[in-house]
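Here are some friendly notes to read beside the model. Please keep the structure open as you go through the points.

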Amino acid sequence: MSDFANLTQTLEDAFKKVFTNYMNSWHMNETKAEKALSDRLAAENFNNVVWYLMVMIGMFSFIIVAILVSTVKSKRREHSDDPYHRYIEEDWTAKLKNQILIMENPMANCEH
């Protein structure tokens, strides 16, 4: 079993060495113009990524702010003095008072 582990380690080292040599020779064959071009493309790609992130974060922020503002406005309207809200509030308080009276005096309701 140790022979297979040793073989695996040897093959891994050999492939790493071949790949590293290939990549190094590939980069050494670049001319100065190609290197300048690849550096410029890398910089432009980074600038595009920054712009993309700024736009995405801006859109996300706008959506979150819009949701928060609409929620605050709806809560403010909910607690206003509109007649429908007052009707619901009065109806619920009346029902609650009736339930409390029924619970306090159950014998009075049974005698009817």
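1. Let us start with a term: a salt bridge is a side-chain nitrogen of Lys or Arg within 4 Å of a carboxyl oxygen of Asp or Glu. By this rule, the count comes to one salt bridge. This is a predicted model, in which local features need pLDDT of at least 70 and side-chain atom pairs count only at pLDDT 80 or more, while totals for chains, interfaces and linings use all residues. Residues are numbered from 1 along each chain as its sequence is written, and side-chain values use heavy atoms, with hydrogens and water left out.

2. Which residues form the salt bridge? E12 pairs with K16, and their closest N and O atoms are 3.5 Å apart. The two are four residues apart in helix α1 (residues 2-28), so about one helical turn separates them. E12 has a relative accessible area of 38% and is therefore partly exposed (buried means under 20%, exposed over 50%, partly exposed in between, with a 1.4 Å probe and protein chains only).

3. Now the overall fold: the protein has four helices and zero strands (DSSP runs, H or I of at least four residues for helices and E of at least two for strands, numbered from the N terminus). Buried residues make up 0% of its 112 residues.

4. Look next at helix α2 (residues 32-78), where V55 is found. V55 counts as partly exposed because its relative accessibility is 43%. The UniProt record, in an unreviewed entry, lists residues 49-69 as "transmembrane region"; such annotations may be inferred rather than shown by experiment. Over residues 49-69 the chain is 100% helix and 0% strand, with the end C-alpha atoms 30 Å apart.

5. Where pLDDT is low, the predicted coordinates should not be read in detail.
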